[in-house]
Protein chains: 2
Amino acid sequence: MHLDDLETPVLTVDLDVVEQNVARMAAHAQRQGVALRPHAKTHKTSEIAALQLGAGAVGLTVAKVGELEALLSDELRDVLVAFPIIGARPLSRLLARADRVRISVGLDHPVAARELSDAAAAAGRTVGVLVEVDTGGQRCGVLPGRPTVELARAVAGLPGLELRGIMTHEGQAYAARNRDELRAVSLAAGHAMVDTAREMRQAGLDAAVISVGSTPSAHDIAEVNGITEIRPGTYVFQDYNQVRLGVAEVRDCAATVLATVISRPAPNRAVIDAGTKAVGADRHMILAEPTVFGLIKGHPGWLFVRASEEHGVLLRTHDLDRWNREEVSGDVQGDGGGDLHVGQRVEVVPNHICPVVNLYDELAVHRGGAFSGFQSVAARGKSR
Amino acid sequence: MHLDDLETPVLTVDLDVVEQNVARMAAHAQRQGVALRPHAKTHKTSEIAALQLGAGAVGLTVAKVGELEALLSDELRDVLVAFPIIGARPLSRLLARADRVRISVGLDHPVAARELSDAAAAAGRTVGVLVEVDTGGQRCGVLPGRPTVELARAVAGLPGLELRGIMTHEGQAYAARNRDELRAVSLAAGHAMVDTAREMRQAGLDAAVISVGSTPSAHDIAEVNGITEIRPGTYVFQDYNQVRLGVAEVRDCAATVLATVISRPAPNRAVIDAGTKAVGADRHMILAEPTVFGLIKGHPGWLFVRASEEHGVLLRTHDLDRWNREEVSGDVQGDGGGDLHVGQRVEVVPNHICPVVNLYDELAVHRGGAFSGFQSVAARGKSR
């Protein structure tokens with residue numbers, strides 16, 4: 001069976017490229033002397049988790065207990081749940097796994113710490129805690145410096161908890177407009193973390209782990225002296241966001257969506273059978289560029305400008321200026337654009353691969369186009 | 001068991017509200033003398049399909065063969081696949097169902113017609129065809145008038161196909177800025193369809209079915225004399241887009257996501273455990289308003305302004321002006337905003353409910369808050 005025999009839309013993964021991405025990040029972490037703890041949300045599959053662990057990852061990062069449950073294996077010895085677990089039910093599920101795997105939880109609020117402490121003490125377990133620091137992403141996290149020290153002190157005083165250090169998700173890296181900005185943002189986040197850990201130690205608190213995480217920042221931030229761990233996720237597959245941020249090439253994008261042209265309703269328009277159910281609805285991160293839903297590989301003349309659930313609408317690039325100026329109210333009569341025909345297959349590099357993986361029950365795995373089978377997306381939909 | 005006992009995020013559906021929405025649309029269709037063929041993509045569940053069919057729907061609309069396969073039942077006698085089916089494999093799956101259910105396919109290209117004809121003829125079956133007309137949505141569809149007549153003539157001449165009429169998806173209705181515009185757009189689409197059908201009949205072609213579809217246009221377009229069928233989907237659950245378009249009230253929104261506040265990192269910011277994996281990534285349709293990812297029901301002081309996969313970020317409304325002017329670079333020190341606490345549950349009305357349903361394996365069904373069980377989202381992920 002060949003990739004061309006698969007019905008579309010289908011999410012394909014080139015294992016040669018995955019292995020290369022895994023090896024590169026592992027080598028980078030080793031060179032910088034930091035531990036690598038990949039975020040499993042990108043692939044959500046046991047087989048690829050095993051690849052990462054086999055290449056020297058110290059463990060995995062997950063966001064939800066359901067992801068941990070789905071990806072448990074004998075090889076998985078250490079997990080960071082980088083998300084505050086609130087509520088008796090998810091906490092009891094979490095604690096039920098503490099006999100199989102060493103668990104740390106990232107949290108940023110006294111209530112989360114107290115709930116985790118109560119659950120751990122009740123279960124007779126000890127769970128590690130990393131205090132989540134907001135280094136600029138303005139999502140979760142306490143501010144660096146004193147606020148972090150104060151929460152860390154509270155954690156250290158609670159039964160059932162072991163303060164292991166601090167973590168951040170420097171998601172602000174995605175707003176960088178060029179490599180210089182990306183480097184500056186990454187280094188700033190790293191320094192804020194190291195400075196905060198120093199304050200903790202001066203206060204007599206443990207800060208063995210200084211964990212940071214995001215694919216675009218992973219290269220630069222690992223240089224910061226004192227960082228102990230990086231948690232990139234997307235690197236394993238890469239995606240169009242990473243390409244445009246300048247940290248990956250299109251050839252590094254291991255996971256792509258195969259789609260079929262189902263209509264050519266106008267000379268400048270083609271419609272494919274991959275909409276937001278197939279390529280996700282995440283817009284790209286570069287605000288100055290026109291909105292697209294992914295790259296149509298090998299067809300630079302076409303832009304993926306609109307998506308509804310099942311339809312992806314491609315427009316010819318040479319109409320783009322007018323499209324941007326909102327002058328394209330009807331269809332522009334262009335030069336024919338006959339290079340996509342109904343029934344033709346195209347390959348889409350999605351903007352953001354993680355939520356795309358979450359849309360599929362299985363990955364169609366291949367090496368350079370030679371189809372080798374399906375892998376179950378074991379942690380798909382595990383948002384609890 | 002109560003809804004409050006369910007772990008979050010969870011997609012809940014109030015069956016009382018569903019039944020009211022189903023009954024209302026059925027009554028509307030009956031009053032206007034048009035057939036109702038709901039698009040099943042909104043709910044993707046056998047139980048709710050049965051409700052619709054029981055209330056007088058003539059059949060269902062689906063987009064993909066996989067949805068048809070998942071929702072087959074003895075009650076389902078007639079299906080429109082409102083999507084061109086291209087390729088031998090999906091066509092053979094489609095034809096394999098032709099003994100159980102009367103099938104029509106919407107298509108807009110001679111290649112799609114020829115492939116369907118070949119497959120039908122080879123299977124010794126007759127499949128109905130509705131020619132898809134572009135009444136302004138600029139997605140799929142041939143233009144009204146002569147282009148439609150020409151494709152219809154080609155369809156009528158192909159073996160295995162029975163020309164049954166025309167269809168459109170007047171998705172342009174979603175761009176309406178007020179009720180007057182919505183009505184004007186809806187009526188214009190309806191008239192274009194009826195005029196085109198008249199041209200077809202004058203050319204000696206069959207146009208028994210004039211099928212239109214979208215929830216916001218469903219009210220007005222059914223008035224157009226000659227329309228025979230409406231295909232709304234979203235009406236069954238409604239959503240925040242429909243509320244803002246003025247065609248539903250918040251109390252009509254049957255499907256909501258229960259989430260938990262997991263962090264209060266700043267006075268003006270709350271974080272919930274429902275990000276794009278739980279509420280979808282679809283932006284709302286009203287360009288003049290600030291981007292949100294849904295309505296936080298009962299908390300008008302909070303706006304759902306950002307979402308990553310697992311995190312939903314809420315900001316206090318009173319900071320909104322500054323947020324819009326992009327002056328909110330750090331956290332605004334506001335008036336405390338203590339009305340959401342860590343561990344508190346909130347209910348989110350998503351912008352666009354259809355892709356949200358596609359993220360869940362099951363619906364948590366209740367009546368006015370009294371939990372009654374789970375329904376399987378049988379057609380989740382069926383994008384082929």
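Where is B:Gln238 in chain B? Select it and you'll land in the loop between E9 and helix H9 (240-245) of chain B. Helices (H or I, at least four residues) and strands (E, at least two) are DSSP runs, numbered from the N terminus.

Before moving on, a word about what's on your screen. This is a predicted model, in which local features need pLDDT of at least 70 and side-chain atom pairs count only at pLDDT 80 or more, while totals for chains, interfaces and linings use all residues. Residues are numbered from 1 along each chain as its sequence is written, and chains are lettered from A and ligands numbered from 1 in the order in which they are written.

**Stop 1**

Most residues other than glycine have a negative phi. B:Gln238 is buried, with 25 other C-beta atoms within 10 Å. (Buried means 20 or more other C-beta atoms within 10 Å of a residue's own, exposed means 12 or fewer, and partly exposed is in between; C-beta atoms are placed from the backbone.)

Now hop to A:Gln138, in the loop between strand E6 (127-132) and helix H6 (146-156) of chain A. Here phi is positive too, about 55°, although A:Gln138 is not a glycine. A:Gln138 counts as buried because 20 other C-beta atoms lie within 10 Å.

**Stop 2: the sheet in chain B**

Show the strands of chain B as a cartoon. You'll find an open sheet of 8 strands with parallel pairing, in the order E2-E9-E8-E7-E6-E5-E4-E3. Strand E2 (35-36) and E3 stand at the edges with a single partner strand each, so one side of each has no neighbour in the sheet. Two strands pair if DSSP finds at least two bridges between them.

Zoom in on strand E8 (residues 209-212). Strand E7 (residues 161-168) of chain B runs parallel to E8(B), joined by 4 bridges; B:Met167 has B:Ser211 as its bridge partner. Strand E9 (residues 229-230) of chain B is also parallel to E8(B), with 2 bridges, and there B:Val212 stands opposite B:Ile230.

In a regular strand the side chains alternate between the two faces of the sheet. Both faces of E8(B) are covered: B:Val209 and B:Ser211 are buried on one side, and B:Ile210 and B:Val212 are buried on the other.

**Stop 3**

Select B:Ala63, in the loop between strand E3 (60-62) and helix H3 (65-71) of chain B. B:Ala63 is buried, with 26 other C-beta atoms within 10 Å. Leaving aside residues up to four places away in sequence, B:Ala63 touches A:Glu310, B:Lys41, B:Ala82 and B:Phe83. Touching here means C-beta atoms, placed from the backbone, within 7 Å.

**Stop 4: cis bonds**

Go to the segment before strand E1 (10-14) of chain A, where A:Pro9 lies. A cis peptide bond joins A:Thr8 and A:Pro9, with omega about -5°. In chain B, B:Thr8 and B:Pro9 are joined by a cis peptide bond, and omega is about -5°. Most peptide bonds are trans.

Technical notes
Contact = placed C-beta atoms within 7 Å.
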